[in-house]
Amino acid sequence: MNDAYLYAAVRTPFGRFNGALAAVRPDDLAAAAIRGLLQRTPGLDPAEVGEVVWGNANGAGEDNRNVGRMAALLAGMPVAVPATTVNRLCGSGLDAAIAASRTIECGDAGIVLAGGVESMTRAPWVLPKPDRAFPAGDTAAVSTTLGWRLVNPAMPAQWTASLGECNEQLRERFDIPRERQDAFAARSHRLAARAWDDGFYDELVLPVAGLARDEGIRPGTDPAKLAALKPSFRPDGTITAGNASPLSDGASALLLGTAAAADRIGRAPLARIAGRAAHAVAPQEFGYAPVEAAEKALRRAGIGWSDVGAVELNEAFAVQALACVDAWGVDPELVNTRGGAIALGHPLGASGGRLLGTLAAVLQERRARWGVAAICIGVGQALAVVIENTVDGTEVGR
């Protein structure tokens with residue numbers, strides 16, 4: 001078995017819903033990320049890429065028809081390079097990286113390009129086909145932007161609650177007050193703004209359509225301002241537009257390969273894929289699913305939380321991120337040190353690639369050896385990946 005390594009990571013800025021990237025098709029966003037990745041590895045002949053694996057959650061509009069293949073072609077990759085698209089909802093981009101690592105480990109390819117894309121702005125309304133031709137009544141268009149749609153009536157009602165309602169239930173279960181959630185959200189904005197000011201994202205993000213910086217960051221956000229926002233899901237609830245991730249547009253791309261691929265890629269690897277895992281729970285408990293996913297991935301990597309120097313946890317909602325961090329018992333100061341999805345955005349299919357790319361960069365910055373990337377997924381799932389920093393060798397300490 002080969003080890004799989006991460007060699008390069010790049011992403012577009014994440015745009016706000018109906019914001020700067022609204023006019024950009026998702027296949028064009030994905031193609032931009034692929035081109036940017038190839039530009040950052042000029043020594044690599046694109047024909048050497050054995051497979052493209054791409055994540056996408058919605059796939060009901062311009063991202064239909066295998067958007068990974070469409071993006072590879074639009075990016076100018078050779079037509080002989082095959083591509084596939086995977087869908088594990090919010091975890092699609094991380095699932096693509098996991099699939100790429102398995103492809104490398106089993107020897108089916110030496111170099112794989114992975115990533116993901118989502119334009120939540122351009123996700124279309126859909127009309128279900130009628131049971132019979134020419135019905136006399138009206139029909140409603142259904143938004144494909146986020147959450148359940150065209151629900152099967154056989155599904156239990158508790159499974160198909162809104163994402164926000166599910167996390168209000170999580171808040172009740174773990175007694176996580178509004179104040180903690182708002183403080184966590186304000187921290188996300190503060191750290192993301194500082195990261196951009198520090199130049200941390202300069203090499204990770206490529207400008208697209210005139211947008212050079214993540215559009216959703218609000219540097220002046222503080223808990224007092226967030227406390228003034230009304231609850232979004234329950235009249236007496238705690239989850240608001242300020243302590244949850246926003247609807248977003250964006251794409252991310254990763255280059256993975258074997259150790260021997262370094263000569264063909266023209267650079268040394270950033271990190272080794274050391275462990276990975278999926279975990280599933282009842283659909284309404286999806287926000288807590290990363291807890292066991294990360295535990296499994298750590299066991300498979302042969303390490304524990306005391307070895308971990310950095311964590312990238314997708315902030316779908318502040319409450320679920322806090323519940324996971326509390327359960328792990330990890331130092332909160334190791335989590336999302338350069339901001340998270342509440343500030344940066346959460347374009348569903350692209351977030352997994354962002355997590356891995358950011359994690360590798362944070363490990364280098366902190367000279368830490370081990371890191372964990374984890375993400376919750378609607379309908380009761382989660383994914384986690386453990387990586388080992390290989391910059392300057394693996395013995396880089398914590």
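Strands here are DSSP runs of E at least two residues long, numbered from the N terminus. Keep in mind as you click around that this is a predicted model.

**Stop one: A384**

Select residues 381-389 to bring up strand β12, then pick out A384 within that strand. Is A384 buried or exposed? Its relative accessibility is 0%, so A384 counts as buried. Now show what surrounds this alanine: leaving out residues up to four places away in sequence, A384 touches L94, I98, G275, R276, A277, A293, A294, A297, A373 and A374.

**Stop two: the nonpolar cores**

Next, colour the largest nonpolar core, which has 49 residues. Start with Y201, L256, L356 and I387, the members with the most contacts inside that core. Which helix gives the most to it? Select 351-366: that is helix α11, which contributes seven residues. A second, separate core has 46 residues, and A384 from the last stop is in it, along with A323, V335 and W370.

Go back to I387 and show its neighbours. Beyond four places in sequence, its contacts include A271, R272, I273 and A274, then L356, L359, A360 and L363, and also R369, W370 and G371. As background, nonpolar side chains tend to be buried together in soluble globular proteins.

**Stop three: helix α8**

Which residues of α8 are buried? Highlight P290, V291, A293, A294, A297, L298 and A301. Three of these names, A293, A294 and A297, also turned up among the contacts of A384. The cover over the buried residues of α8 includes β9 (271-280), β10 (308-313), α9 (318-328), β11 (370-377) and β12. Step just past the end of the helix to G302, which takes a positive phi of about 80°.

Switch to a surface view and select V151, M155 and W159. Together they make a nonpolar patch of about 240 Å². M155 sits in the loop between β7 (142-143) and α4 (163-174), and with a relative accessible area of 34% it is partly exposed.

**Stop five: salt bridges**

How many salt bridges does the structure hold? There are 18, and a few are worth a click.

- D27 and R25: the closest N and O atoms are 2.9 Å apart. D27 is buried at 6% relative accessibility, whereas R25 is partly exposed at 33%.
- D95 and R88: here the closest N and O atoms are 3.0 Å apart. D95 is buried at 11%, while R88 is partly exposed at 21%.
- E365 and R338: the N to O distance is 2.6 Å. E365 lies in helix α11 and R338 in the loop between α9 and α10 (341-344), so this pair ties together parts that are 27 residues apart in sequence. E365 is partly exposed at 41%, but R338 counts as buried at 10%.

Finish by selecting E165, E172 and R234, which are linked in a network of salt bridges.

Terms used
Residues are numbered from 1 along each chain as its sequence is written. This is a predicted model: local features need pLDDT of at least 70, side-chain atom pairs count only at pLDDT 80 or more; totals for chains, interfaces and linings use all residues. Side-chain values use heavy atoms; hydrogens and water are left out. Helices (H or I, at least four residues) and strands (E, at least two) are DSSP runs, numbered from the N terminus. Buried means under 20% relative accessible area, exposed over 50%, partly exposed in between (1.4 Å probe, protein chains only). Contact means heavy atoms within 4.5 Å. A nonpolar core is a set of buried Ala, Val, Leu, Ile, Met, Phe, Trp, Tyr and Cys residues joined through side-chain atoms within 4.5 Å. Patches are made of residues with over 30% relative accessible area and no salt bridge: like charges are joined within 9 Å, nonpolar side chains (Val, Leu, Ile, Met, Phe, Trp, Tyr) within 5 Å. Accessible areas come from the Shrake-Rupley method with a 1.4 Å probe; for residues, only the protein chains shown count as cover. A salt bridge is a side-chain nitrogen of Lys or Arg within 4 Å of a carboxyl oxygen of Asp or Glu.
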